[in-house]
Amino acid sequence: MRLLLVADVHDGVRQARSIRGSYDAVIAAGDFTYRRRVEAAVEVLEALAEIAPVYFVPGNTDPPELAGFEKGAVRSVHGRDLPLGPYTVGGAGGSLPTPFDDLFRVSEEDLGVLLYSLSPTPHILVVHNPPRGHLDKVGGVRPVGSLSVKRYIEEKQPILSVHGHIHEDRGIDIIGDTVLVNPGPLKDGYYAEAELDGAKAVVRLRRLTV
C-alpha cells in the first residue's frame with residue numbers, strides 16, 4: 001500500500017495540487033488553514049482528496065468542529081478507527097497549548113483518553129502533536145511533544161505514526177517497532193511517502209520541485 005503523508009498545509013491548495021504520483025490514500029496530520037474557518041480547511045482537504053481518499057485529524061490552527069467533518073472521500077479519524085484496506089487508521093487532533101492563539105487545544109489527559117479509546121489499535125496512527133522527545137524540538141532545541149502520545153506508541157506499537165505541528169523538526173524516527181514521521185509543512189513544499197507491506201513501513205521524505 002502506498003500512502004501520501006502530509007501535515008501543516010496551512011492553506012497550501014496550490015502545493016497540494018502540485019503533488020504527482022499514485023497513492024492509495026492520503027494521511028493528513030492537521031493544520032489545514034490559518035483562516036480559522038471550517039470552510040477554509042475543507043477547501044484544502046478537498047484538494048488533497050483529488051489525489052486519493054483522505055484520512056485526517058485537525059491541528060491546533062483548525063476549528064475544533066473540523067474533528068467531526070466527513071464528506072465523500074474526506075474522513076476524520078479523530079478519536080476513532082477507520083478501515084484502509086487490510087489496515088486501520090486512527091488518531092487524535094489538536095495540540096497541547098502553545099504560546100499562540102490556538103483554536104484546538106487539548107491536554108495530556110485529553111490525548112491519552114482519545115488514544116486509548118481507539119479499538120482496535122490502529123496500524124496507522126495520526127496525531128498532530130508529536131510524542132515527547134521525537135520530532136518535537138522547537139528551534140531544534142526545546143522538546144514540546146506529548147508524553148501521552150509517547151506512552152501510547154511505546155505500549156501499542158502501531159506500524160506507522162504520522163505527526164506534524166513542529167515545522168522545523170521534519171524527519172523520520174522510531175520508537176520500538178513503530179516508524180515515526182513528520183513530513184514537514186506542505187505549505188513549504190514538504191511531504192512524505194510511505195510503502196506498507198504487511199507489518200513493515202518504508203518512509204521517504206519528499207519536496208516539491210515546482
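One term before we start: contact here means heavy atoms within 4.5 Å. With that in hand, take the contacts in the chain between residues at least 6 apart in sequence: 59% of them join residues at least 24 apart. And please remember that this is a predicted model.

Now the overall picture. The chain has four helices and 15 strands. Its C-alpha atoms fill a box of roughly 40 × 35 × 30 Å along the principal axes. What about the radius of gyration? For 210 residues, a compact globule would have a value near 17 Å, and the chain has 15 Å, which agrees.

Next, the surface. Of the 210 residues, 57% count as buried. The chain exposes about 8,600 Å². Carbon and sulfur atoms supply 50% of that area. On charge, there are 23 positive and 28 negative side chains. The centres of those two sets lie 4 Å apart.

On to the aromatics. How many aromatic pairs does a search of the whole structure find? Two. Phe32 and Phe56 form an edge-to-face pair, with 5.7 Å centre to centre and 80° between the planes. This pair links distant parts of the chain. Phe32 sits in the loop between β2 and α2, while Phe56 belongs to strand β3, and they are 24 residues apart. Are these two buried or exposed? Phe32 has 0% relative accessibility, so it counts as buried. Phe56 is buried as well, because its relative accessible area is also 0%.

The other pair is Tyr116 with Tyr152. Their ring centres are 5.1 Å apart and their planes meet at 85°, so this pair is edge-to-face. Again, distant parts of the chain are linked: Tyr116 is in helix α3, residues 108-116, and Tyr152 is in helix α4, residues 147-156. That is 36 residues apart. How do they sit relative to the surface? Tyr116 is at 36% relative accessibility, so it counts as partly exposed. Tyr152 has a relative accessible area of 1%, so it is buried.

Stay on helix α4, please. Ser148 is in this helix too. Ser148 is buried, because its relative accessible area is 7%. What does Ser148 touch, leaving out residues up to four places away in sequence? The list is Glu108, Leu111, Gly112 and Leu115.

A cis peptide bond joins Ser119 and Pro120, with omega at about 0°. Pro120 lies in the loop between α3 and β8.

His10 has phi near 45°, a positive value in a residue other than glycine. His10 is in the loop between β1 and α1. At 7% relative accessibility, His10 counts as buried. His165 has a positive phi too, near 80°. Where is His165? In the loop between β11 and β12. His165 counts as buried, because its relative accessibility is 14% and the cut-off for buried is under 20%.

Last stop, helix α1, residues 13-18. Arg14 is in this helix. Is Arg14 buried or exposed? Exposed, because its relative accessibility is 57%. From Arg14 to His134 the separation is 120 residues in sequence and 29 Å in space, C-alpha to C-alpha.

That's my tour. Questions, please.

Conventions: Residues numbered from 1 in each chain as written. Predicted model: local features only at pLDDT ≥ 70, side-chain atom pairs only at ≥ 80, totals over all residues. Heavy atoms only, no water. Helix = DSSP H or I, 4+ residues; strand = E, 2+ residues; numbered from the N terminus. Rg over C-alpha atoms; globule rule 2.2 N^0.38 Å. Buried < 20%, exposed > 50% of the residue type's maximum accessible area, 1.4 Å probe, protein only. Areas by Shrake-Rupley, 256 points an atom, 1.4 Å probe, with all protein chains shown as cover. Lys, Arg positive; Asp, Glu negative; His and termini not counted. Charge placed at Lys NZ, Arg CZ, Asp CG, Glu CD. Phe/Tyr/Trp six-rings, centres within 6.5 Å; stacked < 30°, edge-to-face > 60°.
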